[in-house]
Amino acid sequence: MKNIPRKIYLQENEIPKVWYNIVPDMPEKQAPFIHPGKLKPVELEDLLPVFCEELAKQELDETTRYFEIPEEVREYYKTFRPSPLVRAYNLEKELKTPAKIYYKFEGNNTSGSHKLNSAAAQVYYCKKQGLTKLTTETGAGQWGTALAMACAYFEMDLTVYMVKVSFEQKPFRKAVIQTYGANVIASPSDTTDIGKKILAQNPGTGGSLGCAISEAIEAAVKTDNCRYVLGSVLNHVLLHQSVIGLETKAAFEKIDEYPDIIIGCTGGGSNSGGLMTPFIKDKLDKKQSPYFILAEPVSCPSFTRGKFTYDFCDTGNITPLAKMYTVGNGYIPSANHAGGLRFHGMSPIMSKLYHDKIIDEARAEEQTSVFEAATLFAKCETILPAPESSHAIRVAIDEALKCRETGEAKTILFGLSGTGYFDMNAYEQFMDKTMTDHIPTDEELEAGFASIPKFPGIE
């Protein structure tokens, strides 16, 4: 039996020098974004009023397999990367499983999550273009925190539209964002026309990522020398997050191991895509055949109960149309503790890979079951996991228990995308047994599906 260390670290000089773009290797490309006015595929000039030019180019690039990471970004990465690949020995022992469980831990920075990987890149490119202001949305707050950190480092002004239910549940997350100098606004708000419209239609709404995206984009296009940046879903975000999977592969090579099962929590796709795409390349190249599982909340079941079709990425219907798994841009998830896993749709790349069965499976997990897994993990591994990551932990535990039943010693990998130290209200509700599960009814989902636009010849 090999003596595998508990934590496998790369050296600072082993931080990847490139990001990996999976699109050139996909057997079939994801469907193009569609301009809702022209009803034609989006072109570069359509994106430039909203995104900085280099990010827009990365978004539309279907031929460049590897992008060099700018040296300024790599230098910033060195403050929190490389992140460890950890063998969960204590969890294995508790579960009495023959499985080997590993997790890639992305919580070693103040944001507590993987989001800083893309935030650093996006702010760098915006700064290089000469922009001075940025807007964004945030759900649980990790992306808003990460972007505030990157903006402070590169000296950029930032306004964050935070989903109202998270704004109210997580005042300390808001305070951290403000500590880094950003302005935080609860969404929907009365600071934008779209926000006012949404509030008029649904005065008591807790908001959604779709609402916050609409407000952030409107504010960006109405502000001089300003652009909008997004923390998940889009192709260029998955590109930047590939540093997770590239590091993970390199760490496994150090111990001569390879995962049989790879699990990622998924709300928009940045974490799961970042972890999985370098391994998916191995599957496409027929070098390895890992089994990929996406974990999402039952309260926002885009993959497991959604439709694979064109939809707006925002509630205000001002973004391009994306072909993705969606529960409808008008769907408002319940005010539970799924954190950032509240987006109505999914990454077009991850949606296409799942639709084509390259990604093998998606599972929707109930809130109480997720927190049961989270608390067990915390007791065994000493890290309090974010609610988002805990969906992946739930699936990893279930797979390890299957191995206990069958006697198979499979190697399981999951992404621990962040920490849960700002989610104590949720943990308190779980411990007090006041936490409930909300499984959307068919009628609730149909109301969301009704918001999916219908254009001739586009579906």
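Predicted model: local features only at pLDDT ≥ 70, side-chain atom pairs only at ≥ 80, totals over all residues.

Colleague: Which helix gives the most to the lining of the largest pocket?

Modeller: Three helices each supply at least two residues of that lining: α1 (44-47), α2 (53-60) and α10 (209-221). With four residues, the one that gives the most is α10.

Colleague: And how do the residues of that lining divide by class?

Modeller: Take the polar and charged ones to begin with: there are two polar residues and three charged ones. The rest of the lining of the largest pocket is nonpolar, and the nonpolar count is 16.

Colleague: What about the second largest pocket: which helix gives the most to its lining?

Modeller: That pocket holds about 180 Å³ of space. Its lining includes I194, K197, I198 and Q201, along with others such as C211, T315 and I332. Four residues of the lining come from the helix that gives the most, residues 193-201, which is α9.

Colleague: How many polar residues are in the lining of the second largest pocket?

Modeller: N202, T205, G316 and G330 are among the residues that line it. By class, the lining has four nonpolar residues and one charged, and the polar count is six.

Colleague: In which hand does α11 pass α12, left-handed or right-handed?

Modeller: On the α11 side, the residues that meet α12 include V237, L238, Q241 and F252, and on the α12 side they include L275, P278, F279 and D282. By class, this contact has eight nonpolar, eight polar and two charged residues. As for the hand, the crossing is right-handed.

Colleague: And how does α15 lie relative to α16, roughly parallel or roughly perpendicular?

Modeller: Helix α15 covers residues 367-381 and helix α16 residues 387-406, with their axes 8 Å apart. The angle between them is about 85°. Since 65 to 115 degrees is the range for that label, α15 is, relative to α16, roughly perpendicular.

Colleague: How many nonpolar residues are in the contact of α15 with α16?

Modeller: From α15, the contact takes in F371, L376 and F377, among others, and from α16 it includes P387, I393 and I397. There are also three polar and two charged residues in the contact, and the nonpolar count is nine.

Colleague: Now the backbone. Which residue does a cis peptide bond join to S187?

Modeller: The bond in question has omega near 5°.

Colleague: What is omega for the cis peptide bond between R81 and P82?

Modeller: P82 lies in the loop between α3 (71-77) and β4 (85-87). For the bond that joins R81 to P82, omega is about 0°.

Colleague: Last one: which residue has a positive phi although it is not a glycine?

Modeller: Look in the loop between α12 and β11 (291-297). The phi there is about 60°, and the residue is K286.

Note on methods
Residues numbered from 1 in each chain as written. Heavy atoms only, no water. Nonpolar A, V, L, I, M, F, W, Y, C, P; charged D, E, K, R; others polar. 1 Å grid on protein atoms, 1.4 Å probe; cavity = no way out; pocket = protein on both sides within 12 Å on 5 of 7 lines; lining within 4 Å. Points joined across faces, edges and corners; volume = space filled by probe spheres on them. Left-handed = near helix turned anticlockwise from the far one by under 90°. Contact = heavy atoms within 4.5 Å. Axes fitted to C-alpha atoms, helices over the stretch in contact; angles between N-to-C directions. Parallel < 35°, antiparallel > 145°, perpendicular 65-115°, else oblique.
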